[in-house]
Amino acid sequence: MSRYLVYFSGDAISFRVPELTSICEVLGLHLRYDASQLENGRRYLIVQTDEPEKLSKLAKRSVLIHQITELWGQGSTMEELRSSVLHHLQETKFDIPEKSWKFNFLISNKRKVDMATKMAFAEDLGVSFDGPVDLSTPDHTLDLYLDYGQAKKSPDMPLYYYFGDMVSEGGRDL
């Protein structure tokens, strides 16, 4: 069963799970997740499913989901994240030599992170792909999530990191 990261918008916190449940029921999509992950206003929910083809429909029907990403790795440090991602890539034998890609940063708690810091995070991840970079219409959008928590004053470094390949953006533009 594959794991996915659902990244919610900062709105309507109490409606996240009811909306998710309702749309899954309509689509006949079976997800496994622990709703307590969303406590204290957190925006990340790790789900498992055997029906990844339905996740795009879920995201497009939702007004609270910002995007869904196939989770390749996670960790409380960059070292843990790197190890987790490299293990995933070895296990799945994922390879995109001919496919175009781009790197995307998603940052919780509206914290501003300058480009030099973003580049340092990307380099620290230690993952590279041979395909061409395409910032407009890539075959793969590789997402690095920097979770700074929900405190009023953000810490200097993220509390948690997630990385993966975007499945779909949400339907907030409806």
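Predicted model: local features only at pLDDT ≥ 70, side-chain atom pairs only at ≥ 80, totals over all residues.
1. Start with R42. This residue is partly exposed, at 24% relative accessible area.

2. R42 pairs with D147. The two form a salt bridge, with the closest N and O atoms 2.6 Å apart. R42 sits in the loop between β2 (32-33) and β3 (44-49), while D147 belongs to strand β6 (residues 140-147), so the bridge ties together parts that are 105 residues apart in sequence.

3. R42, at 24%, is partly exposed.

4. D147 has a further contact. Its side chain is joined to that of S108 by a polar contact of 3.1 Å. S108 is placed in the loop between β5 (101-107) and α4. S108 is buried, with a relative accessible area of 0%.

5. As a general point, side chains of opposite charge can pair when their charged atoms come close.

6. Is E51 buried or exposed? E51 is buried, at 16% relative accessible area. K54 is partly exposed, at 22%.

7. Now the surface charge. E79, E80, E123 and D124 gather in a patch of negative charge on the surface. Which helices supply the patch? α3 (78-92) and α4 (115-125) each give at least two of its residues.

8. D124 deserves a separate look. This residue is in helix α4. Its relative accessibility is 39%, so D124 counts as partly exposed. Patch members need over 30% relative accessible area and no salt bridge; D124, at 39%, is over that area limit.

9. Last, K153. This lysine lies in the loop between β6 and β7 (160-169). At 69% relative accessibility, K153 counts as exposed. Where does N109 stand relative to K153? The C-alpha atoms of K153 and N109 are separated by 9.1 Å, and the two residues are 44 residues apart along the chain.

Terms used. Residues numbered from 1 in each chain as written. Heavy atoms only, no water. Patch = residues over 30% accessible without salt bridge, like charges linked within 9 Å, V, L, I, M, F, W, Y side chains within 5 Å. Areas by Shrake-Rupley, 256 points an atom, 1.4 Å probe, with all protein chains shown as cover. Salt bridge = Lys/Arg side-chain N within 4 Å of Asp/Glu carboxyl O. Lys, Arg positive; Asp, Glu negative; His and termini not counted. Charge placed at Lys NZ, Arg CZ, Asp CG, Glu CD. Helix = DSSP H or I, 4+ residues; strand = E, 2+ residues; numbered from the N terminus. Buried < 20%, exposed > 50% of the residue type's maximum accessible area, 1.4 Å probe, protein only. Polar contact = N/O pair within 3.5 Å; in protein donor to acceptor, adjacent residues only side chain to side chain.
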